Amino acid sequence: MKHTMNLRTRLTAAMIAITLLVAAVLLFSGKVSQELIETRYEDVTYSGKSLLWQNIVSFQIHNMEMSIPSIARDRVLRKAIKNRDAEKIASGAASTYNLLSASKIITELVITDTQGNIIFSAPNKLSGKSDNPLINHAVREGKIHGNVVPNQNNGLSLSLVFPIYNRGKAIGVGIYQRDLKDALAEFKKSEGSDVIILDAKGQVSETTSDGLYRQLDVELPPLGERSFNIIDLGETINSVTIQPVTGDEDSLLGYLINVSDYTESYSKQQSSSLITYSVIIISILMAIFVTYWYIQRSLRPLQDNVGELQAISAGDLTGNIEVIGDCEIGQQQEAMRSMLENLRQMIQTIHDISAQMGNASQQLMTVTNETEMGVAQQQQETESVATAMNEMTATVSEVAQNAVRASEAANKANQESKEGLRLVQQTVESINTLATDVDHSSGLIHTLETEANNIGSVVDVIRGIAEQTNLLALNAAIEAA
């Protein structure tokens, strides 16, 4: 026997499945939304930190740019640069360096000729040709250029390059350079987070916290790409953003790593996620409970209907079906009540018909008994007729024998007539008399044959009546059954 779930179980299972599906969709949507929010947060973080970095760099370059007149308008220094007077250049440039470094505007001053050959440098004594990539742009375009550049220590620094003119002719190039310590300190002050500058090889150039980079043990993305990481350092959970540091013409120079204390935000996010998932789980359980309760409540009248139908199928028509409303179940109950009333009327009608058939059967039995008596009487009469027919048959046989004997006598007489003509005349009279008797006998024989035929017709009629009587008796017995 094939077992199937009842309607209540199927509806409950379907509603639970739908609830779980909706919950899965909500969880998936929440996860997607969370990922979108995190992506948006990462983009905002990237943009905010990148903008802050650019503003700090621009501000410090602007400060250096405001100090260009210290060299550009120093006639003695310009004349010394034009004449390549090393002693006067050193004297004039050194005083300028001391002034600007004391004001924390620059940390290094370099003066070169238009070809990039170093004429003066402080505080370090440098010689040869400068590898600052901004020199060629400044000489070629005759404009000021400032940006982050690699320095001679394989690190990164801020550099401002400007041409030095004497009577409208470029005679050299001034280079203001500043390490990134102040920029990182300003970044940390504004952002409240530690900053690490790496060169293109991944080596630490500047940092606001010694040893922090080793603790992070973070994997660097390919140069020019960025990444966002959550790193647990034990006591704190930190968000680590890695962005490229670009120089002139967007050249890739290294990495800007920002490390922020993410503990509070992470805890809030985890708490929020826990609350969200808890609410979803509780909502699912409540939805399942409410669904189960509602299905039980809604199907209880249907279960009552099933009980009433089972009682009706068992033959109990005394029940009373109540209609609870105008819904589908109420319509079903109304139909069941009408069916029950019709069944009751049908059973009463069948009972009345059965009573009538009982009376008709009693009458049919009476008629059948009378018919049997008539048939028995007819059978007796038929036996009497048969006896008479047998006697008549014996009489006919005797007459036939007499006719045979008469024929033999005639033959004998014919033979005797041959013996003598005399006896013919004597016997003519006897023969005529005998012929008359024979004719009379023949008529009697014909009459007897006609009567026999009539008796056969009567027997056939009696036999037909008996067959009709038997059929009537059989039909009466069938109707009585």
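Asn151 is buried, with a relative accessible area of 16%; buried here means under 20%, exposed over 50% and partly exposed in between, with a 1.4 Å probe and protein chains only. The model is predicted: local features need pLDDT of at least 70, side-chain atom pairs count only at pLDDT 80 or more, and totals for chains, interfaces and linings use all residues. Residues are numbered from 1 along each chain as its sequence is written, and side-chain values use heavy atoms, with hydrogens and water left out.

Asn151 sits in the loop between β3 (145-150) and β4 (156-166); helices (H or I, at least four residues) and strands (E, at least two) are DSSP runs, numbered from the N terminus. Its side chain reaches the backbone nitrogen of Gly155 at 2.7 Å. Beyond the neighbours within four places in sequence, Asn151 is in contact (heavy atoms within 4.5 Å) with Leu156 and Ser157.

I turn now to a sheet. Five strands form an open sheet in the order β7-β6-β10-β9-β8, with antiparallel pairing; strands pair if DSSP finds at least two bridges between them. At the edges stand β7 (204-207) and β8 (227-232), each with a single partner strand, so one side of each has no neighbour in the sheet. From one strand to the next, the twist averages 20 degrees. Axes are lines fitted to C-alpha atoms, for helices over the stretch in contact, and angles run from 0 to 180 degrees between N-to-C directions.

Within this sheet, β9 (residues 237-246) and β10 (residues 252-261) pair in the antiparallel sense over nine bridges. Helix α6 (residues 181-191) packs on the sheet and touches β6 (194-199), β7 and β10. The direction of α6 makes about 145 degrees with that of β6.

Terms used: A polar contact is a pair of N or O atoms within 3.5 Å; within protein, one must be able to donate a hydrogen and the other to accept it, and residues adjacent in sequence count only if both atoms are side-chain atoms.
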